[in-house]
Amino acid sequence: MAKSFDIGLERLTGAGVPRIGVTQEGGGPFANDAQGKKPSLQVAGGAESTFYLETFGCQMNDHDSEKVAGVLLARGYRQVDGPEAAKVILYNTCSIREKAAQKVFSRLGELRPVEATELRWIEESKLGLGKSANLEIGVPRAEDAEQRSGGVRTRRLQSAGKIIGVLGCVAQQEGEGIFERAPWVSLVCGSASYRKLPQLIAELEAGNRRVTGLDTDTDETFETEITRRDNPFRAYLTIIEGCDKACSYCVVPFTRGPERSRASASILEEVRQLAEAGYSEVQLLGQTVNSYADPSARKMRFSELLAAVAEVRGIRRVRFTTSHPRDFGKDIVEAIDAHPTICDQVHLPVQSGSTAVLRAMARTYTREEYLEKIALLKAARRPISISTDVIVGFPGETEKDFEETLSLLDEVQYDNVFAFKYSPRPNTPSLKMADAIPEEEKGRRLAILMDRQREIQRVRNEKLVGETFEVLVDGKSRRENQWSGHTSSNRVVNFTSPEQELLGDYVQVKVTKAMPHSLVGEMVGRG
Ligand code: 5AD
Ligand code: SF4
């Protein structure tokens, strides 16, 4: 399995924090129209329209799901916690690595409608009639038998009458093939076509059995009137969708389509609205966020946009991810220097420390050029926390190449590394590359790399003991007086304070103990 050195920073936001959102209970512009009727989905006898949405993958997917939820809420749907209670079940999928892509098919397997013979089998097994009774009604297909023996049976849901949709990267990649593999699916829509989602949903409501949105040749971005935000403390905003790079291992250019940037005025308006709604931290998102190209006449550069966002009244923290090293210039560091509200954190994926592997990956930079970008960050006026992504076991990666990646970790001294075993993906150029590395060897390299990085982080974090940081409190432990939050550098800090209510507050925390993936401290003041 792909493992990462996730300090838990990204994953922790949202998890363990209360979920608030824009009116989940039947709100939105369509909720009470002139006739006082909600448009409701024609399933299960016109019962209340409810949806369940499960998201896999990156922050872009998380945020897309917030927008998808917004579209549905605006049509009068109510969000529920599990697929059992939902009339519409949606999976927003990820296909960046094979394991992620497989997940959705196992979910869809759980939703395969139970056939009549199977129902009788289940009923009769409940009555304890056993094998002979089973023979009378005909033994279900071999795969069913396998499912039963594998214990999957217990997880199968009654999905008859429900609408099941696959969104995101797997939808884009597999297209209508999903209908063949899982004929009980009714909606397949890739992220490049999300603009069409309201229309597709309307078609389903009108009784259409199958609808698709699979175009990638679009210059549109997915903007919605209402976004149901999951994280009450950090608001995500996509500023650029798709990717025009062509890294040889990556499915994203196929699944998310070409780069499309949002107009700067629209982004700034949304930031102002977020600030008015009480958000003080925003995170600008894009697969290559710093390749942002303002489509409007203002032609703002990414660094100018960053500065403009940082100047919005009420905004105290601005983050951005993910940056591509090729488009990372001095102007971004200058913007960070000039604006304390831009966080001390940059995620700059390197993928490999070997120029030969970088060339095979089509990353468009050498090790030395990457290190020049790191030098820019290290020359900033305040310390900037740097994190990266690494792929181990790319085809042809020699032991020497791998050692160059290890030496790069030593040289850069990252604060966090997300490391993955190379996973061959459909349509990508690297799929056909010679000298594949055996799984076992990939695993060995991953473990070595993680050990090395854990030690680097342990030592780096140790040096922070005794220092005081501003922390935005976003979690409360069940244990009394225990809180957690993030520093500007995106480090997780668990701390003690006898205060009654701190969620959403900025506080000063003095670090008393350091771990490789988090800090421990005590509150010493308000922010
Ligand atoms: N195999 C393994 N890791 C991959 N990534 C992207 N594609 C693949 C792949 N085929 C990793 C890269 C990227 C991160 C989001 O996922 O490190 O930066
Ligand atoms: Fe994939 Fe490369 Fe684009 Fe990142 S820059 S999304 S790794 S193609």
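In these legends Ala, Val, Leu, Ile, Met, Phe, Trp, Tyr, Cys and Pro count as nonpolar, Asp, Glu, Lys and Arg as charged, and the others, Gly among them, as polar.

**Figure 1. Residues around ligand 2 in the predicted model.** The shell around ligand 2 divides by class into 6 nonpolar, 3 polar and 2 charged residues.

**Figure 2. Packing of helix H15 with helix H16.** Helix H15, which covers residues 367-378, packs with helix H16, which covers residues 399-412, at an angle of about 15°, and their axes are 11 Å apart. Because angles under 35 degrees count as roughly parallel, H15 is described as roughly parallel to H16. The crossing of H15 and H16 is right-handed.

**Figure 3. Side of each helix in the contact of H15 with H16.** H15 contributes Arg367, Tyr370, Leu371, Ile374 and Lys378 to the contact, while H16 contributes Glu404, Ser407, Leu408, Glu411 and Val412. By class, the residues of this contact comprise 5 nonpolar, 1 polar and 4 charged.

**Figure 4. Stretches of the protein with pLDDT under 50.** The pLDDT of the protein averages 85, and 83% of the residues score at least 70. Over residues 1-46, however, the pLDDT stays under 50, and the model has 119 contacts beyond four places in sequence for this stretch. Residues 127-154 also have a pLDDT below 50, and the model gives this stretch 28 contacts beyond near neighbours in sequence.

Note on methods. Residues are numbered from 1 along each chain as its sequence is written. Chains are lettered from A and ligands numbered from 1 in the order in which they are written. This is a predicted model: local features need pLDDT of at least 70, side-chain atom pairs count only at pLDDT 80 or more; totals for chains, interfaces and linings use all residues. Side-chain values use heavy atoms; hydrogens and water are left out. A residue is near a molecule or strand if one of its heavy atoms lies within 4 Å of it. pLDDT is the predictor's confidence in each residue, from 0 to 100. Contact means heavy atoms within 4.5 Å. Axes are lines fitted to C-alpha atoms, for helices over the stretch in contact, and angles run from 0 to 180 degrees between N-to-C directions. Helices (H or I, at least four residues) and strands (E, at least two) are DSSP runs, numbered from the N terminus. Angles under 35 degrees count as roughly parallel, over 145 as roughly antiparallel, 65 to 115 as roughly perpendicular and the rest as oblique. A crossing is left-handed if the near helix is turned anticlockwise from the far one by less than a right angle, and right-handed if clockwise.
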